[in-house]
Amino acid sequence: VPPARPLKSLAPFPMGVCAKSPQFDDPAWVQLVTTHFSQLTPEWEMKMEYILADSPDRFRFDGPDTIAAFARHYGLRLHGHTLIWYAQGEQAFAGLDRARFIAAFDRYIAIVAGRYRGQVVSWDVVNEPVTDEGSELRDCHWSRMLGLDGYMIRAFHKARAADPNAVLFLNDYNLENTPRKGATFLKLAERLMKAGAPIGGIGSQSHLDIRIPPGQIRTFFRDAASLGLPIHVSELDASLRSGERVDLRSRSQRIEQQTARVGELAEAFMAVPERQRFAFSVWGARDTDSFLRQGERDDGQNQPVLFDAAGKPAPLYAAVTGAF
Ligand code: XIL
């Protein structure tokens with residue numbers, strides 16, 4: 001069997017993957033990632049939960065610096081993930097009065113985005129602002145202190161000031177899975193732009209639900225492209241386990257459904273005007289690297305990404321490259 005052709009040589013846009021610094025010690029991971037991908041997203045180490053121990057003025061940069069050095073060494077683009085998220089890190093800001101809170105919020109963005117200025121090509125400035133139900137914005141520590149749109153507008157301005165050249169993304173999930181949420185997200189992006197926020201792109205995590213009806217993914221990407229901004233498929237995976245409580249189809253039927261939906265995603269992305277195709281990123285190189293294969297979630301069998309545990313192409317490799 002000839003080796004799989006490099007994704008990055010087949011795709012007409014950057015192919016991204018997430019990384020955690022301990023993976024750099026795994027030669028098989030390094031070989032696979034540097035063969036197939038041209039962009040990295042830190043899976044965890046650029047998040048507030050990592051960077052701030054428990055106070056907004058103690059910063060830790062060893063993990064993200066290691067990832068940045070790896071990306072430089074191998075000539076990979078670096079996508080920053082993520083500055084402001086309702087989860088994982090906001091506890092460091094608890095108990096500050098309004099003035100101290102605002103100063104710490106601004107300083108966090110200035111220090112983190114400033115540190116990687118000139119290397120990071122893009123940032124997920126705000127991650128996951130829309131509720132799961134999909135018609136509202138999340139109530140979170142940031143929104144309670146600065147207002148629902150207010151915290152986002154402020155974050156985009158501060159990120160712009162810290163790194164004038166980075167493409168600044170608004171990023172969320174279930175945008176194709178839950179059409180109501182996709183619509184709320186696109187309306188939000190438009191509203192923030194009208195309010196003057198320097199949004200440079202929209203990110204669709206694309207943690208796909210394989211049960212959604214055909215056409216839904218295409219519709220979302222068509223609507224998203226109409227905003228005129230670059231689009232990032234930022235965290236693609238497609239769990240074979242989604243909906244396991246409500247349908248008991250065989251594994252082969254699930255794989256059929258999975259490859260059809262991921263193929264649709266790749267085709268929908270190909271249909272986005274070329275200048276708006278920022279990158280296509282997968283959330284894990286091998287199935288065993290996927291966060292769906294860690295801890296309690298791991299059933300030992302899920303194949304949510306493009307390569308299997310041995311680094312060989314999984315069914316989703318063909319599903320994606322078939323669209324290029
Ligand atoms: C996940 C990572 O994969 C895990 O390793 C981490 O512990 C928790 O976060 N949406 C996101 C990502 O924006 O940051 C999440 O990543 C997956 C869902």
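**Reading a predicted protein model**

Q: How do the residues of the shell around the ligand divide into nonpolar, polar and charged?

A: This is a predicted model. In it, the shell around the ligand holds three nonpolar, two polar and two charged residues.

Q: Which residues are around the ligand?

A: They are Glu43, Trp44, Asn127, Tyr173, Gln205, Glu235 and Phe291.

Q: How many helices and strands does the protein have, and how compact is it?

A: The protein contains eleven helices and nine strands. Its radius of gyration is 19 Å, close to the 20 Å that the globule rule gives for 324 residues, so the protein is as compact as a globular protein of that length. Along the principal axes, the C-alpha atoms fill a box of roughly 60 × 40 × 40 Å.

Q: What share of the residues is buried, and what share of the contacts joins residues at least 24 apart?

A: Of the 324 residues, 48% are buried. Considering contacts between residues at least 6 apart in sequence, 76% join residues at least 24 apart.

Q: Which residues of α10 are buried, and what covers them?

A: The buried residues include Arg254, Gln257, Gln258, Arg261, Val262 and Leu265. Their cover includes the strands β7 (207-208), β8 (231-238) and β9 (277-282), together with the helices α9 (216-225) and α11 (315-321).

Q: What is the general idea behind reading phi and the peptide bond?

A: Most residues other than glycine have a negative phi, and most peptide bonds are trans. Here, the peptide bond from His81 to Thr82 is cis, with omega near 0 degrees. Thr82 lies in strand β3, residues 77-85.

Q: What is the phi of Gln88, and what is that of Glu128?

A: Gln88, a residue other than glycine, has a positive phi near 55 degrees. Glu128 is not a glycine either, and its phi is positive, about 60 degrees. Gln88 sits in the loop between β3 and α5 (98-115), while Glu128 belongs to the loop between β4 (120-127) and α6 (141-146).

Q: Why does Glu128 count as buried, and how many other C-beta atoms lie within 10 Å of Gln88?

A: A residue is buried if 20 or more other C-beta atoms lie within 10 Å of its own. Glu128 has 21 C-beta neighbours inside 10 Å and therefore counts as buried. Gln88 has 13 other C-beta atoms within 10 Å, so Gln88 is partly exposed.

Note on methods. Residues are numbered from 1 along each chain as its sequence is written. This is a predicted model: local features need pLDDT of at least 70, side-chain atom pairs count only at pLDDT 80 or more; totals for chains, interfaces and linings use all residues. A residue is buried if 20 or more other C-beta atoms lie within 10 Å of its own, exposed if 12 or fewer, and partly exposed in between; C-beta atoms are placed from the backbone. Helices (H or I, at least four residues) and strands (E, at least two) are DSSP runs, numbered from the N terminus. Two residues are in contact if their C-beta atoms, placed from the backbone, lie within 7 Å. A residue is near a molecule or strand if its C-beta atom, placed from the backbone, lies within 6 Å of it. Ala, Val, Leu, Ile, Met, Phe, Trp, Tyr, Cys and Pro count as nonpolar, Asp, Glu, Lys and Arg as charged, and the others, Gly among them, as polar. The radius of gyration is taken over C-alpha atoms; the globule rule is 2.2 Å times the number of residues to the power 0.38.
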